[in-house]
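I opened this notebook to record what I looked up in one protein model. The entries follow the order in which I consulted the structure.

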Amino acid sequence: MSKTNKIVLRIQSAEGTKRIETEPSATARNLYDLARAVYGFDHSDFALCRERNFTKEIVSSGSQDVKDIGLKHGDMLYLRSVEGPSTSKAAERSASLSSLASSNSSSISNAAFSREATPSTSSKTSSVVTQLPKEDTVDVELYNQDGRIKRNRDEKLCRHNSNGCCVHCSPLEPWDENYLKEQKIKHFSFHSYLKKLTSGATRGKFVALEDLNCKIKSGCRDHPPWPKGICSKCQPSAITLNRQPYRHVDNVMFENTGIVERFLNYWRTTGHQRIGFLFGTYEIHPDVPLGIRARVAAIYEPPQESNRDSIRLLDDANDGDVDELAKALGLQRVGWIFTDLLGENLASGTVKHVRNIKTHFLTAQECILAGHLQNKYPNRCQHASNGYFGSKFVTVCVTGDEKKQVHMEGYAVSAQCMALVRDNCLIPTKDAPELGYIRESSDQQYVPDVYYKEKDVYGNEVQRLGRPLPVEYLLVDVPASTPLVPLYTFHVRKDAKGYFPVENRLIDGHIQDFSALADYLAKSRTMPFLDVVSDFHLLLYLYRMEDMLPMKSQLGPLLEAVRSKDKAKGNEWKAREVWKTLEELIAASSHHEDSSMSNDAAFVPADAEQNWVCTYCTFINSRELPACEICNLPRTRQ
């Protein structure tokens, strides 16, 4: 056959539009082979259809020609991926094709072409329902409360007896704006927000909390994928930023001032800034209707590099061990804390007031990091379609106040900010820390327009594009404080020098090693054993001490004793073999304390061998080392 008898057909799929050249006498099976070759498929799990809604499927048959199908030069075919190989009999697809013809585009993108898809889909749905995350205990308790604010009988306005009730003394809803203004509560609680959504006639039947989506919906078959095409069905809507009226956590309470003071000792020693993670629990806040309070018991400091003006977090190989230890102690990550302190007068102890309404409260980079951490630790919610909505993870900044004294400010970023950070739409600006910037669309990513509203010089409310974007629209205030009566999950010492060193502080006198453990236990001989080990940083050091004396598997009863503050269980664990072994190692090292702290070359004899073997762990060390490189125990004379 001559070349003029050949016809060109177009095939559209999620991979784009391709062209194939065939003959009218070619079979439908040859048509499938050409489609597989032009798209580079190594399988036949697709079907060719004549209609855009994937009806009128072309059956892969060796007895049916292209001209018999009715295809002409320039016709468009539509390729649809299927689960499993394409069948060769139209009768086997008739039921599924009729259902596909009547379904919408979203169901088309997820449906299968076989009857076996129905039970498998239902089984997936049931598995998702059974695997919904378990909510925090404080959330379960608040679900069982009505949250109504009780009022006493007004002697001036109420005209009924003590058993009656009227509009002047009836209980108020937890989201009542007038009450919140009187109590100076800026945001109502998240559970008050849920009560408001479920208080209508439908009783929350149609309430479904959905996260904001800033990405193109996948699976649209009406056009080639981005950047070659986009439509109103898959394009994310433009976003108008609104101030979030609720907050997931209404207060951050540090159990005592010693927790923060111990954290600030690093800045006082070096002048460098510091980041830490807050570990504690969530509890009901009595001063806010249906409120939640984060109670902080300890601060963990991850590996980091810092100076006077910046901090860079490093990869933490022990991150999983920290969470395991905290869980055994009944704690969890509730937030993060960082310092932004610049000393002004060392004699009076004042610091500069750098964060205020004229400059910024949080920088764009800090908002992005807060959004990343809140996405990493989301809030479990039964009203969300995917089981998660928002986050209880809080941000605490230690900086100078108007009186130039050190104080704490608490924040959280809104759910809109979490979505912008999650979808990589928000970036910081180079020269203005108070401004963020919404990315512009590129060939790799489509970014929707983000707007915010402000008042112009004439007092009119105008809408601005978020390039740049003031980060105040993304913030939610969370008060941070300490109680009038201190609380203690871990033992607190009067002298700060008596504490065990904090992890990841690479400065003299703050390094966690075996000699520091020996010094700490030597200073604590007169104290009860449970008070000695009731230190989060000490327990973490023992938990991670794997090389010299593995103790992780043995610490369970001790952690339970610390959690329940049971001195009898603590003394019982002290009598175990693992602690006696540790005491023997400490006693052996105490005889060589002076030599282990000295770098004098005379410690090693001139005629000594090139290397020496540690008598404790048998590791071969270099001759210039006074202590073992592995177990950190001192070199002993043979």
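**Entry 1: confidence**

I noted at the outset that this is a predicted model. I looked up the mean pLDDT of the protein, which is 82, and found that 87% of its residues reach 70 or more.

**Entry 2: helix 11 and helix 12**

I asked at what angle the axes of helix 11 and helix 12 cross. Helix 11 spans residues 364–376 and helix 12 spans residues 415–422; their axes cross at roughly 90° and come within 8 Å. Helix 11 is therefore roughly perpendicular to helix 12, since angles of 65 to 115 degrees fall in that class. On the side of helix 11, I listed C367, I368, G371, H372, Q374 and N375 as the residues in contact, and on the side of helix 12, C417, M418, V421 and R422. Sorted by class, this contact has 5 nonpolar, 4 polar and 1 charged residues.

**Entry 3: the sheet of strands 19, 20 and 23**

I looked up the strand order in this open sheet and found 19-20-23, with antiparallel pairing across its 3 strands. Strand 19 (426–428) and strand 23 (469–470) are the edge strands, each pairing on one side only. Between strand 20 (residues 435–438) and strand 23 I recorded 2 bridges in the antiparallel sense. G436 has L469 in strand 23 as its bridge partner. Helix 11 returns here: it packs on the sheet and touches strand 19 and strand 20, and its direction makes about 140° with that of strand 19.

**Entry 4: strand 17 and its partners**

I asked how many residues of strand 17 are buried. In strand 17 (residues 394–400), 7 of the 7 residues are buried. Strand 17 runs parallel to strand 14 (residues 332–339), and 5 bridges join them. Within this pairing, F338 stands opposite C397 of strand 17. Strand 17 is also joined to strand 18 (residues 406–413), by 6 bridges and in the antiparallel sense. There V398 stands opposite M408 of strand 18. Strand 17 and strand 18 form a hairpin with 5 residues between them, and K404 in the turn has a positive phi of about 60°.

**Entry 5: Q12**

I located Q12 in strand 1 (residues 7–13). Leaving out residues up to four places away in sequence, Q12 touches T17, Y39, R52, M76, L77, Y78, L79, R221, D222 and H223.

**Entry 6: P174**

I found P174 in the loop between helix 6 (137–143) and helix 7 (177–182). P174 is counted as buried because its relative accessible area is 1%.

Notes
Residues numbered from 1 in each chain as written. Predicted model: local features only at pLDDT ≥ 70, side-chain atom pairs only at ≥ 80, totals over all residues. Heavy atoms only, no water. pLDDT = per-residue confidence, 0-100. Axes fitted to C-alpha atoms, helices over the stretch in contact; angles between N-to-C directions. Helix = DSSP H or I, 4+ residues; strand = E, 2+ residues; numbered from the N terminus. Parallel < 35°, antiparallel > 145°, perpendicular 65-115°, else oblique. Contact = heavy atoms within 4.5 Å. Nonpolar A, V, L, I, M, F, W, Y, C, P; charged D, E, K, R; others polar. Pairing = 2+ DSSP bridges. Buried < 20%, exposed > 50% of the residue type's maximum accessible area, 1.4 Å probe, protein only.
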